[in-house]
Amino acid sequence: MVTDTILRLEGLVKHYPIRKGLFNKQVATKRVVDGVDLEIPGGQTVALVGESGCGKSTLLNIIAGLLEPSSGKVLVDGVEVKGTGVDRGVVFQQYALFPWLTVKKNVEFGLKLKKDITPQQREETAMKYIKMVGLEKFVDSYPKELSGGMKQRVAIARAYAVNPSLLLMDEPFGALDAQTRTQLQTELLRTWEEEKKTCFFITHDVEEAILLASKVIIMSARPGRIREVLDIDIPYPRTQETKILP
């Protein structure tokens with residue numbers, strides 16, 4: 001397994017300006033993330049947990065390049081993050097699919113940013129990951145024709161297709177029913193065993209974090225700081241039955 005550091009956070013801080021009172025021109029700041037330092041080795045699945053509002057999604061959005069830090073920096077593969085990039089695949093809770101594109105076209109979308117692959121290679125890559133998530137019979141379907149779990153499978157396939165150094169997931173199963181959630185947890189474990197991607201995901205479910213992750217990071221209440229890092233010493237491969245082992 002790869003052990004080189006894939007993700008490094010150095011003194012990461014994020015604050016937002018706020019106004020005190022309707023007519024008050026004075027601007028204060030609200031600190032959401034406060035001095036986060038973190039290293040994630042390659043090939044690990046790391047879960048971030050913490051109470052609502054502690055800055056988990058803010059932290060992930062900074063890593064994804066969707067937000068700029070107020071200070072500090074993020075490095076992926078030793079390169080400082082300056083905006084979004086195909087080195088990071090992102091899966092959100094609400095799928096974020098393009099409704100006017102088919103399943104195949106949604107998965108191909110990120111690949112179009114890679115100028116070094118041909119249209120045939122793009123299609124072959126998209127189909128590889130569509131098959132990986134079991135949606136090969138729905139390649140020409142549109143998101144409105146899919147269930148919530150199927151939409152999330154498309155989002156996962158799209159994130160994997162660009163072959164990112166780092167896979168980011170923001171409560172990817174939070175909007176799904178319990179049965180679909182369990183099914184996708186199982187699929188994610190299987191997919192991780194096949195691909196060995198470095199994965200950083202947010203969850204509010206401690207049981208899910210322990211099932212999926214090799215390391216769990218606990219954030220304190222706002223302003224968000226890393227309170228504790230726990231190694232999960234449960235061997236892979238894991239299944240849903242792992243939850244009930246003594």
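How many bridges join strand 6 (residues 88-91) to strand 7? Select both strands: 4 bridges join them, and the two run parallel. Two strands pair if DSSP finds at least two bridges between them; the strands and helices named here are DSSP runs numbered from the N terminus (strands E, at least two residues; helices H or I, at least four).

The model is predicted: local features need pLDDT of at least 70, side-chain atom pairs count only at pLDDT 80 or more, and totals for chains, interfaces and linings use all residues. Residues are numbered from 1 along each chain as its sequence is written, and side-chain values use heavy atoms, with hydrogens and water left out.

Next, select Gly89 and its bridge partner in strand 7, Leu167.

Leu168 has Phe200 of strand 8 as its bridge partner. Now include helix 5 (residues 178-195): strand 7, helix 5 and strand 8 make a right-handed β-α-β unit. With the strands pointing away from the viewer, the path from the first strand over the helix to the second runs clockwise.

Finally, move to helix 1 (residues 56-64), which is largely enclosed by the rest of the structure because 8 of its 9 residues are buried. Among them are Lys56, Asn61 and Ile63. Just after helix 1, select Gly65, which takes a positive phi of about 85°.

Notes:
Buried < 20%, exposed > 50% of the residue type's maximum accessible area, 1.4 Å probe, protein only.
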